[in-house]
Structure formats: structure tokens, C-alpha cells
Amino acid sequence: MVPRTSLLAVLILVLAPALPAQEGRVVRVGLHDAEPVAFPDENGDPAGFGVEVFEHIADFEGWEIEWRTGSWAECADRLRSGELDVLFPILKTAAREEIYDFTSEPFFSTWGRIFVPTRSEIESVLDLDGLRIAVVRDDFFSDAIEDLLYRLGQPVTWVECETRTDVFTTLEAGLADAGAVEGLSGFRHMARYDVRPTQAVFAPGLVHMAVPAGRNAEILDVLDFHLSRMQDDENSVYWRSHATWYGNQPSRSLPAWASATILVVSGVGVLALGFVVALRMQVRAKTAQLASRATALELEIEERQRSDRRRLEAETALLQSQKMEAVGQLAAGVAHDFRNLLTVISAHLERIHERTEDQPGVTESVQVANQAVEQAGRMTRSLLAFSRRLETDKRPVDLGAAVEDTSNMIRRALPASILVELDVETPQRPWIHADENQLRQVLLNLVLNARDAMPEGGTMRLAVEVGEDDDGQPVVRLLVGDEGCGMSEEVSERIFEPFYTTKERGQGTGLGLATVHGVIEEHGGHVSVSSSPGAGSLFTVT
């Protein structure tokens with residue numbers, strides 16, 4: 001069998017070149033009172049288990065670290081605004097995932113703990129009813145204990161502090177009856193104050209490193225790589241530093257030499273004590289296993305629920321596609337037959353016109369009939385476009401230029417109460433393979449639909465985006481949005497069906513959006529709408 005360390009070395013050599021080169025990069029890192037993970041020491045220099053690990057990663061990558069000290073709330077705000085590149089330690093929660101991106105690899109696990117003055121009789125969460133509780137402002141554990149006590153129906157008075165050190169200072173000064181902080185750092189702090197831990201433990205969680213949402217993805221990749229590498233190697237800087245900082249945490253147990261002396265003097269008593277300690281360790285290990293299994297089961301249930309939702313969405317999309325295909329076939333058949341009838345009518349009208357040129361009344365009626373034939377012809381072409389039976393002349397088209405050019409004509413056709421916002425600037429030119437005339441028809445139909453949705457006026461947005469689909473393939477998107485009346489879910493589901501319209505009789509044929517759907521499908525694309533009553537609509541052509 002190949003030793004694990006050898007396999008690790010091979011993996012490092014294979015994977016290291018794949019990481020982005022960041023030699024000489026300045027990385028701004030937040031430093032707050034999170035002893036023993038990361039904190040400013042008595043000289044103001046960064047210290048702690050996490051600091052040593054991060055500095056090791058920075059040396060490996062050639063980063064230059066710029067430590068920025070502040071309270072937890074200040075560091076969290078700076079990370080959110082992008083003034084910091086990295087912040088740790090930070091617990092991963094659903095709310096925080098909306099504003100931060102986290103490493104996939106957890107840094108370590110932790111929990112909250114209640115600390116009290118040494119002579120206090122408080123031991124459990126139930127003893128906190130009506131008391132003063134010191135917490136760190138905007139801290140995860142302050143939110144967790146507040147939620148727990150609220151659900152238990154226990155009113156308390158909150159004493160907000162800026163740092164964990166302030167919590168213990170407040171306890172020692174008698175300004176609070178108990179303090180709720182992260183457990184591991186609490187043990188480090190309590191050695192310097194006249195306080196003790198209680199049996200009240202709450203809110204276990206995983207601690208990560210975080211970056212601002214949508215930024216510094218390459219930093220996250222590097223951190224994940226090194227955290228995984230170091231946590232798999234028991235001789236790494238991670239575990240050596242962990243032993244240094246957590247091996248020295250305060251303990252209420254007797255020193256080893258004292259235990260040995262007691263063993264000699266009273267062997268039976270020490271054996272009993274050892275049995276109890278061993279039993280407690282086994283209970284803790286089993287509890288950890290159960291917690292791990294419960295977490296795995298929750299993740300499995302969530303994944304099954306996501307899978308069921310994806311399957312239901314796929315089935316719904318397939319049924320809708322089949323329905324539209326059937327309607328398209330019917331529309332194509334009707335359009336062909338109708339076009340043949342129009343040809344006959346048009347020919348006979350021409351003959352009537354030739355024979356009655358000297359009869360003004362008849363000539364006028366023939367002209368009206370011809371106009372009706374032309375309108376019917378346009379409807380026929382729309383039906384054929386929906387059913388994808390029209391011939392296309394596809395060529396490379398710059399979608400941004402086409403939209404910009406068409407928008408000039410569109411503005412003249414819109415009332416002054418409608419403002420058009422145009423956004424076609426993209427990092428790279430949005431080339432697509434399309435029939436430009438049909439593409440302009442699609443844009444015109446979407447714009448007219450947006451106009452009709454805003455009879456009182458408003459802002460219409462035309463935009464072009466270049467991006468990737470779920471499989472990483474490049475795509476170009478055309479967006480047409482309005483601030484109109486919006487649509488219900490029932491209307492949105494039928495909006496692309498031919499002859500379906502919410503307009504009053506005589507004000508629309510119901511073929512405009514059906515034509516859009518047919519042309520886009522013919523081009524191998526997709527069109528969707530996002531809308532709700534009173535909130536406008538956004539059509540996205542991909």
C-alpha cells in the first residue's frame with residue numbers, strides 16, 4: 001500500500017499548477033477579537049491558530065498580507081463592502097451566504113457557551129430567565145442565544161458589547177449576570193477573569209473563511225486547496241498550530257503529576273475517576289457520531305427534495321413543449337390551407353378590379369377587401385413563424401448592434417410617456433447565427449407587448465448580455481423589461497400560445513408572442529418570462 005503522505009505529495013504536485021497564479025498579491029484580511037483563532041496580541045500584532053495557518057498559505061502562494069484590525073461588526077461590514085478580501089473565523093449561515101462566499105472546506109467546528117461569574121449558581125439556559133446577558137453585537141452566537149431564549153419564553157435584558165473581551169470585563173464588573181460567546185475562545189479568555197463556564201452549550205456549527213459575495217473566487221479556491229491538504233496531513237502546520245493553541249486552553253482538571261501521586265496514594269479512587277472520564281469521552285464520541293449522522297440524513301433529505309423539484313420542473317417543461325409542438329403543427333396546417341384560400345380570393349379580387357375600374361363604389365370595396373387579405377396574409381406568416389415553417393436566412397449577426405439600430409426606429413413608434421433604457425455594452429461582441437429580419441421582428445413584437453403593458457407610461461429596458469449556461473457553454477441573452485401591469489402565473493404559462501390574448505376583442509390577434517416563441521425555437525434558442533401582477537414583466541431570450 002502506498003503511504004498516505006506519498007499520495008498527498010503526488011496530489012499536491014498534480015493540483016498545484018491548476019491553481020491561479022497570485023504571486024505578489026496583496027490580500028486584505030480582517031482581524032478581530034477571536035482568540036485563540038485570530039486576534040491582535042498585547043502589541044497589536046496578529047496572533048492565533050488561524051493567523052499561523054493563513055500566513056503559511058500566504059507564504060506558499062507568495063501573497064502579501066495586509067491585516068486590518070477592528071471589532072467583529074466593523075470587520076463584517078468591511079467584508080460586505082469589499083474593503084476586506086478575507087475574514088475568519090466566521091460561521092456559515094443561510095443569511096450570511098447571501099452576502100458572503102465561504103470556503104467549501106470548514107476551518108473547524110465550534111459551539112456557543114454560557115459563562116458566569118465564578119460564584120454564580122447559574123448552570124443551564126433555564127436559569128437565565130429575567131437576567132442580564134452580555135453578548136457581542138451582530139455576533140452569530142448572540143443571535144442564536146436570543147432566538148433560543150425567545151422560543152423558551154424567557155425574557156432577558158441584553159447587554160451589547162463590541163468584543164468578547166468586553167463580555168468578560170462586563171461579567172467581572174457585575175454589569176451582567178451571564179455572557180454568551182463562542183466556546184473555544186471563551187475558555188481562552190476566562191483564565192484572565194474571575195468567571196467560569198456553565199453546562200449550557202448551544203448552537204454548534206462549522207467555522208469557515210469568507211470573501212465578499214461574487215468576488216475573490218480564486219482566493220477561495222486556493223484556501224480550499226490548502227485547508228484540505230493540511231487537514232489531511234497530521235504533521236501539517238494546521239495540526240501543529242492547533243495543538244499549540246488549543247493544547248494550552250484552561251482546564252479544571254488536575255495536572256498529570258498530581259494525578260500520578262493520587263494514583264499511588266489512592267489507586268481505587270483514581271481508577272474510578274478514570275472510568276468516569278473514559279465513559280464521558282465515549283458518550284461525547286457517540287454524541288458526535290449521532291450528530292454527524294443526523295447532519296448527513298438532513299443533507300440527504302434536502303438533496304432528495306431538490307431532485308424531486310427538478311424532476312417535476314422537467315416534466316412540466318416537457319408537457320408544455322409537447323403541447324406547444326402540437327399547437328404548432330395544427331397552426332401550420334391551418335396556415336397553409338388559409339394561404340391557399342387567400343391566393344384564390346386575391347386573384348378574384350384582381351379580376352373584379354380590372355372589370356370595374358370605371359365603377360368607383362366597387363373599386364373602393366375591392367381595396368378594402370384587398371387590405372383585409374393583406375392583414376390575413378400577415379396573420380398567416382405569423383402562424384408559420386410560430387410553427388417554424390418559414391424559410392430563414394441565417395448569418396452572423398451582432399445582436400448588440402442590431403438592437404441598438406432597431407431601438408432608434410422603436411423610439412419613434414413609442415409615446416413620449418415611455419422612456420427606453422438601452423444597455424448593449426458587453427465585454428465581448430455578442431455575435432449570434434440568426435436571420436436578422438426575423439430577429440428584428442422578435443424585438444419589435446416584444447417592445448410592442450411592453451408598450452401595451454404600460455398605457456400610463458414608464459421605463460422600458462432593452463439589454464444584451466454575454467454569459468454562460470449551466471453547462472459552461474457561452475450564450476447571448478436579449479432582455480426586454482417593462483414596468484407595466486404584470487401577469488399572473490396562469491397568464492404567464494399561456495402567453496406564448498397562438499391566439500391567446502388578454503386584450504379586449506379587436507385590439508390584438510394573440511400572435512405577437514407566439515411568433516417570438518416560434519422564431520426563437522427555430523433558431524435553437526429559448527424565451528422565458530418573469531412577471532407578477534403589478535410588478536412588470538421581464539422577457540429573456542437566450
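Student: Is Glu 97 buried or exposed, or in between?
Tutor: Glu 97 is partly exposed, at 42% relative accessibility. Buried means under 20% relative accessible area and exposed over 50%, with partly exposed in between (1.4 Å probe, protein chains only). This is a predicted model, where local features need pLDDT of at least 70, side-chain atom pairs count only at pLDDT 80 or more, and totals for chains, interfaces and linings use all residues. Residues are numbered from 1 along each chain as its sequence is written, and side-chain values use heavy atoms, with hydrogens and water left out.

Student: Which side chain does Glu 97 meet in a salt bridge?
Tutor: Lys 92, at 3.8 Å from N to O. A salt bridge here is a side-chain nitrogen of Lys or Arg within 4 Å of a carboxyl oxygen of Asp or Glu. Lys 92 is partly exposed too, with a relative accessible area of 37%.

Student: How many salt bridges in the whole structure?
Tutor: The search finds 19. Among them is Asp 77 with Arg 80, whose closest N and O atoms are 2.7 Å apart.

Student: Where do Asp 77 and Arg 80 sit?
Tutor: In helix H3 (residues 72–81), three residues apart, so about one helical turn separates them. Helices (H or I, at least four residues) and strands (E, at least two) are DSSP runs, numbered from the N terminus.

Student: What about Arg 132 and Asp 177?
Tutor: Their side chains form a salt bridge at 3.2 Å, N to O. That pair links distant parts of the chain, 45 residues apart: Arg 132 is in strand E8 (residues 132–136), and Asp 177 is in the loop between helix H5 (164–172) and strand E10 (178–182).
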